[in-house]
Amino acid sequence: MDPHIISILKHEVHLIALFIMGTVYIGKIIWIMRFKPMVERTPSKGNKQKAIINSYLNIAMPWEMESTRKKWYVWTEFAIFHIGVAFAIIVSFIVSFGNESLIDKTIFQNFFMVLFPISFIITLIRLARRIFLPVNRIISHPDDYFSIILMCVWFFFASWFVYDLYNTLIMGIYLAITAFLIAYVPFSKMSHYILWPFSRYYFGKHFGHRGVYPKVRVQ
Amino acid sequence: MNEINQNSTRAHKANEAFKTRMNRQAILSFGVCVHCGMCTESCHYYLATKDPKMAPAYKADRVRKLYKKYFDWTGKLLPKWVGGGELENEEDLKELMDITFGSCTMCRRCSFNCPMGVDKALLMRTGRSILYEQGIAPQGVIDVAKDQWETGNQMGVSEEEYLETIEWLNEELQMELDDPIAEIPMDKPNCNIVYAVNPREIKYAPQSLLAAAKIFYAAGESWTMSSKGWDNTNFGLFSGDNKLGAHMGNLVFDSVERLNGKMLVTSECGHGYRATAWESPNWTGRDLKFPIFNFLEIMVDYVKSGRIKLDPSLNPFKVTYHDPCNLGRSGGITEEPRYLLKQSVSMFQEMYPNRADNYCCTGGGGAMSMSEYSKRRLETAVVKANQLKETEANIVATACHNCVDGLTDLIKHYKLKMKVKLVGELVADALIIDKKFITPTFKAPEIEEKLILMVDDEVDILTYLSTLFNDNGFNTYTATNYENAMEFLTTQKPDLITLDLAMPGKNGLSIYKELKTNEEYKDIPVIFVTGVNPDNPGQLDHRKFIYEHSLPKPEGYIEKPVEKELLLKIVRKCVEVKVDNLN
């Protein structure tokens, strides 16, 4: 690919995408804060702070919920997938704004060469689940399919890229998809990660206030 | 054309109402779902039917589509892309009612299994609220809510009937405790506790109020009930109507303030406790000067402080405990009942899963008042039935009147060999009181001449009931069918009628309708004494029949096989209350 285009993808396009994402996210946070929260007028029965912390840590405690206890493989997929997303974005930042040679270090490259293909396979599994499992199919909308397909393609090129670091065409595609992804995220279901911290906060606060959370589990 | 306009108007109004329902918690729960489906297998509706449309995420999406259409930024431009949409016609409203009222008990089990923290019960309640505002809800919910607005309690109990029932219970209490000054105090100011109950305790289950009175008596508690604002239940929670929620909350809170009580205690009612202790202060906007407790918490305090003593050998049964959703998942009460049961029964068997992971009794969210969905409710109860069966317990204890009804129904339907009791009843049975209880089998002089007409097509049941009533001082007359019963009624007016519902020819409900619509007979109290056909529970759905024909509720309802102490209590109550009315 033309080095000039690569440079535009690395810098201008990436920055524009980040600007869009940042602007929309800030707007979204302002929008959320404009809605009045339901306030409890009763004295708290439980430990709200502990409950909020527990609510956040829930993500890292697959034993906490029956759903993740029983479907431990889905939780495992979730964990790997999200670690994959984080690193695939970090790699794009390093390529665009950091020291590119960092990725070339064997230890990192080997790690990415394992992580990204596994993440790619997980996106395929998730897509298949959405298409073939009746429950997942019935709860899916075009945005759900588009988002997972987008992730799938992204991981495919991220995997290819870390295997072939100096293939500029693949790098260009990877960076272009990354930029699109960053700009598209706030408008899609993928924006859940901006809502998640608020949602888990209020979940912990509400149920902590009433002494329900953290759950007592004596099995 | 007019009808179409009216239909679209209602749908339009529901859409508009939705726009006014958002608060921060709601927009987060609506917005954060990623459709991962992890909640699916936490729902008993799905587990029992395996119908994808019973998956919590799908059901939530039927309400969420409005959020996507009106609030989601992408959804405003491209609603179909994100699953947004409006309610367009009557069919949409009907579908939403079927989902929010008929396919979800708002038990919150899915919320506790959602990695994102989506409170689906909140979404369902939002859906219910916009429908209810347009007058769209199961008839039972509408009727009960109307009763709460008009009479201040969900069973339409008049003040006179309420006070007479308490008076009758006082006599029972004095008899059982052999103490002429034992009583259920009424409107006593400056007490430690103001006790609010579920109207079911006044109407159908006086034994639970009697149990509470014994416990208060044994603990030497300073307590009272109020003649006004005594109903702790709140259909505002189920209908989504916060105004009704506030109205009921205000009635109870006003009582406590009027009587200058130090604390408010709600009886064993799951949603009653949640609504009164947690939701009503928010709905009413009042900063209360008194604390609110559940009766379980009070009993634990009595046991721990030595104010009451219990003998577990008095309950020689294997007892398990069912956590009501509104206590276990929405009220933070899970350990208190376990502590009490371990102190008051000889063998406690834990149920799995339990506490906040327990399955709903299937009667939650007002489901017991929605006869339209009884068949589905019992079909999905297989999950709970299996859970109960595995405990191999003789008794399933719970702390919620709604759960008592839900569990009793499913136990009957799935032919399980267990009974349902409230924790307080078991605690009362295990009480050690210096004064020995007297078994209430005496012949009260004032009821000796009372006449009971028993209508049942099974002769052996009639024989059994006759013997029971005769032994307890009543005169009886038996009729095996409609014709016999009506023939008798032309010659004599009984003081009470016990009525079987499933009879060949004209069934019990038809007889009931005839009685209650006839000026001459409508005041005769009627108790349904009937069996349920487990294969066809909806066949004689008395609740639906009563709602559909706008009939008054019967004075009592007992299922076969008859629990004789309970039947006698209800019979005595009906007869004595009637005597007082005549006076």
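**A loop residue and its surroundings**

Beyond its neighbours within four places in sequence, Asn198(B) is in contact with Gln154(B), Asp231(B), Asn232(B), Thr233(B), Ser267(B), Cys269(B) and His401(B). The model is a predicted one, and the values below are computed from it. Asn198(B) sits in the loop that runs from strand S1 (193-196) to helix H10 (199-203) of chain B. Its relative accessibility is 5%, and because buried means under 20%, Asn198(B) counts as buried. A polar atom of the Asn198(B) side chain lies 2.8 Å from the backbone nitrogen of Arg200(B).

Helix H20 of chain B covers residues 401-413, and together with strands S7(B) and S8(B) it makes a right-handed β-α-β unit. Strand S7(B) spans residues 395-398 and is covered on both faces. In a regular strand, side chains alternate between the two faces of the sheet. In S7(B), Ile395(B) and Ala397(B) lie on one side, Val396(B) and Thr398(B) lie on the other, and all of them are buried.

S7(B) also has strand partners. It pairs in the parallel sense with strand S5 (residues 318-321) of chain B over 3 bridges, and Tyr321(B) stands opposite Ala397(B). S7(B) also runs parallel to strand S8 (residues 419-422) of chain B, to which 4 bridges join it. There, Lys419(B) in S8(B) is the bridge partner of Ile395(B).

The loop between H20 and S8 of chain B holds Lys415(B), which has a positive phi of about 50° although it is not a glycine. At 59% relative accessibility, Lys415(B) counts as exposed. Thr362(B) is likewise a residue other than glycine with a positive phi, near 80°, but it is buried, with a relative accessible area of 1%. Thr362(B) belongs to the loop between S6 and H18 of chain B. That loop, between strand S6 (347-349) and helix H18 (374-380), also contains Pro353(B), and the peptide bond from Tyr352(B) to Pro353(B) is cis, with omega near -10°.

The wider setting includes a second chain. Chain A has 10 helices and 0 strands, and 48% of its 219 residues are buried. A cis peptide bond with omega of about 0° joins Tyr213(A) and Pro214(A), the latter in the segment after helix H10 (192-209) of chain A.

Where the chains meet, 67 residues from chain B and 60 residues from chain A take part in the contact. The two chains bury about 5,500 Å² between them, with 60% of it on carbon and sulfur atoms. Arg24(B), Trp73(B) and Trp81(B) supply 15% of the area that chain B buries against chain A, more than any other three residues. The interface has 7 salt bridges; one example is Asp357(B) with Lys215(A), whose closest N and O atoms are 3.0 Å apart. There are also 31 residue pairs in polar contact across the interface. Two or more residues on the chain B side come from each of helix H2 (24-31), helix H4 (56-70), helix H5 (73-77) and helix H14 (270-284) of chain B. H14(B) gives the most to this side, with 7 residues.

Technical notes
Residues are numbered from 1 along each chain as its sequence is written. Chains are lettered from A and ligands numbered from 1 in the order in which they are written. This is a predicted model: local features need pLDDT of at least 70, side-chain atom pairs count only at pLDDT 80 or more; totals for chains, interfaces and linings use all residues. Side-chain values use heavy atoms; hydrogens and water are left out. Buried means under 20% relative accessible area, exposed over 50%, partly exposed in between (1.4 Å probe, protein chains only). Two strands pair if DSSP finds at least two bridges between them. A crossover is right-handed if, with the strands pointing away from the viewer, the path from the first strand over the helix to the second runs clockwise. Contact means heavy atoms within 4.5 Å. Buried area is the accessible area (1.4 Å probe) that two parts lose on being put together, summed over both. A salt bridge is a side-chain nitrogen of Lys or Arg within 4 Å of a carboxyl oxygen of Asp or Glu. A polar contact is a pair of N or O atoms within 3.5 Å; within protein, one must be able to donate a hydrogen and the other to accept it, and residues adjacent in sequence count only if both atoms are side-chain atoms.
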